[in-house]
Amino acid sequence: MSDQKIWRVRPEWPFLLFLVFVVAAYLGLLLLLVGANMLTVSWSQASEILKDADIQHSIKLTFVTCTATAILSVLVSVPVGYLLSRYQFRGRALVDTFLDIPILLPPLIVGLSLLILFNRIPPSACCGMLAGGTLIAAIWGAARKGNGIVIRFLVGSAILFGLLSFVFAGSQRSLEGIVSEVGFPMTFHPLGVVLAQFPVAAAFAVRTMRTTFDQISPRYEEVAMTLGCNRGQAFMRVVLPLAGKGIVAAGTMAWARALGEFGPILIFAGATRGRTEVLATSVFLEINIGNLPGAAALSLLMILLAVSTLLIVRCLAGRGGAV
Amino acid sequence: MSGGILVLEQVTVQAGDFVLSPFSLEIREGECVALMGPSGCGKTTLLETVCGLREGPVGGRVVLDGLEVTNLPPGARGIGLVPQDVVLFPSLTVREQIEFGPKLHGWKPEEIKERVESLARDLGLEGLLSRLPEGLSGGEARRVALGRALALRPQLLCLDEALSGLDEARHDEVLGVIRKMIEREGVTALHVTHSKKEAEAIADRVVVMD
């Protein structure tokens, strides 16, 4: 053994150097992007734009709409993430793919689709489409011997939507007309900002919650169920407390995503100063009026907010929570 | 509630591609049976079927103390489970873990207190009742899981390789505690294990699946 020669191994430094070069080049680009904004605006210009009443309204509306979107996203993503994580059902891959559509679509299309849905499609057609969709899902589920309760629920929903379709038949009002009548106008209204931010933000929150639930062993629910819980009680008493950090992470992710949303807001809610303007649209408006320093100052504010929220997510993930 | 008779009649289970061949077993009241067999033979699948944690068996019946429980939900069967990975609820103290079942079943507070203290005394957990699972050793965690499973005085105690991962000293200690508690509570027990030595030490009878 002592006569054995040491095997020759090629040095590690070229590979290490390659990694460092790629990381440095990428980080360098990001730093240059931030630096470019910093060099475009002086403290006095930044202070001036931040004191502008319209911009202050925009900042407030950004915080309110992003928070509302984050809360809505969490409320939707928790049950959807749990269902996808825990239940094996026929068509799960289809549902999973469908939920990713808002992430894959160009943002403008989300806004355009909302605009058409609320202003061009009569409610009877909306209900008809939902009735058709649920009926197809029910027939497909029944053909594949799916869960009876779910199939009955789908059939019931199809009947309900079908009846609503008849109720609304002949009405010339748009969906926007109906929601405006009950006090929740959407198109070119601050509420529309939330609806425009929601599809993409919720899609990210669903991904986060699904990963969270995947990381929580189903054994917790199983043990709770042997102790007398039903599935719902096991979820509320055992799984939800375990998913706490994941829920915060999903909310933060949705908040950050909503902050960066621009296209759908511009198309569906508009960019009216002092009304539907949020930070992303403020940057666009400042560029349009040729105020580059103002746009750069607002960009820096958005970068600061985005980095802060991402740091919160990283901190939560780093503490070993189910994130 | 004392131990009940467990009868498995030609139970067959399908779990994905795996199909458990018809399996029958009868365990007498208060008896402890060790279930052994090679990896992948379906021991845990069978145990989960007994506990109601899988969809009902493809065929056969599960009868506990004369009552067919084949299609009953897990919580209605009167079965306590100590799983392989223990899974103590991370946010609950040791006391809350043991109280979990009795509280759900609406026991009176004094009954719960008495039961928790009695189990803590028998399991050597008196000094740990206010601790969270995070700081417990492997042996302590097993004893808490045993207390949690026994708190409702189940008719059947199911142990799924509950001693795996323990060092020899802790293994023997917890083995002794399980044996003592099975006798003291008079509970019927089904213990899944890989270890022949463990099976012989704990069980009145060893059943081998193939």
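Predicted model: local features only at pLDDT ≥ 70, side-chain atom pairs only at ≥ 80, totals over all residues.
Let's start with a helix pair. Helix 7 of chain A (residues 123-143) packs against helix 8 of chain A (residues 148-168), with the two axes 8 Å apart and an angle of about 160° between them. Angles over 145 degrees count as roughly antiparallel, and therefore that's the label for helix 7 and helix 8 of chain A. As for handedness, helix 7 of chain A passes helix 8 of chain A in a left-handed crossing. On the helix 7 side, the residues making the contact include Cys127(A), Leu130(A), Ala131(A), Thr134(A) and Ala138(A). Helix 8 of chain A answers with, among them, Ile151(A), Leu154(A), Ala158(A), Phe161(A) and Phe168(A). Sort that contact by class and you get 16 nonpolar residues, 7 polar ones and no charged ones.

Now slide along to helix 15 of chain A, residues 279-288. Quite a run of buried residues sits here: Leu279(A), Ala280(A), Thr281(A), Ser282(A) and Val283(A), with Glu286(A) buried too. After helix 15 of chain A comes Gly290(A), and its phi is positive, near 80°.

Next up is helix 16 of chain A, residues 292-318, which is where you'll find Val313(A). Is Val313(A) buried or exposed? It has 20 other C-beta atoms within 10 Å, so Val313(A) is buried; the cut-off for that is 20 or more. Which residues does Val313(A) touch, leaving aside its neighbours within four places in sequence? Those contacts are Ala249(A), Thr252(A) and Met253(A). Look at Ala250(A) as well: 63 residues separate Ala250(A) from Val313(A) in sequence, yet their C-alpha atoms are 8.5 Å apart in space.

Finally, turn to where chain A meets chain B. Here 14 residues of chain A are in contact with 19 residues of chain B. Helix 11 (219-226) and helix 12 (231-242) of chain A each put at least two residues into the side of chain A that touches chain B. The largest share of that side comes from helix 11 of chain A, with 6 residues. By class, the side of chain A that touches chain B has 8 nonpolar, 4 polar and 2 charged residues.

Technical notes: Residues numbered from 1 in each chain as written. Chains lettered and ligands numbered in written order. Buried ≥ 20, exposed ≤ 12 C-beta atoms within 10 Å, placed from the backbone. Helix = DSSP H or I, 4+ residues; strand = E, 2+ residues; numbered from the N terminus. Contact = placed C-beta atoms within 7 Å. Nonpolar A, V, L, I, M, F, W, Y, C, P; charged D, E, K, R; others polar. Axes fitted to C-alpha atoms, helices over the stretch in contact; angles between N-to-C directions. Parallel < 35°, antiparallel > 145°, perpendicular 65-115°, else oblique. Left-handed = near helix turned anticlockwise from the far one by under 90°.
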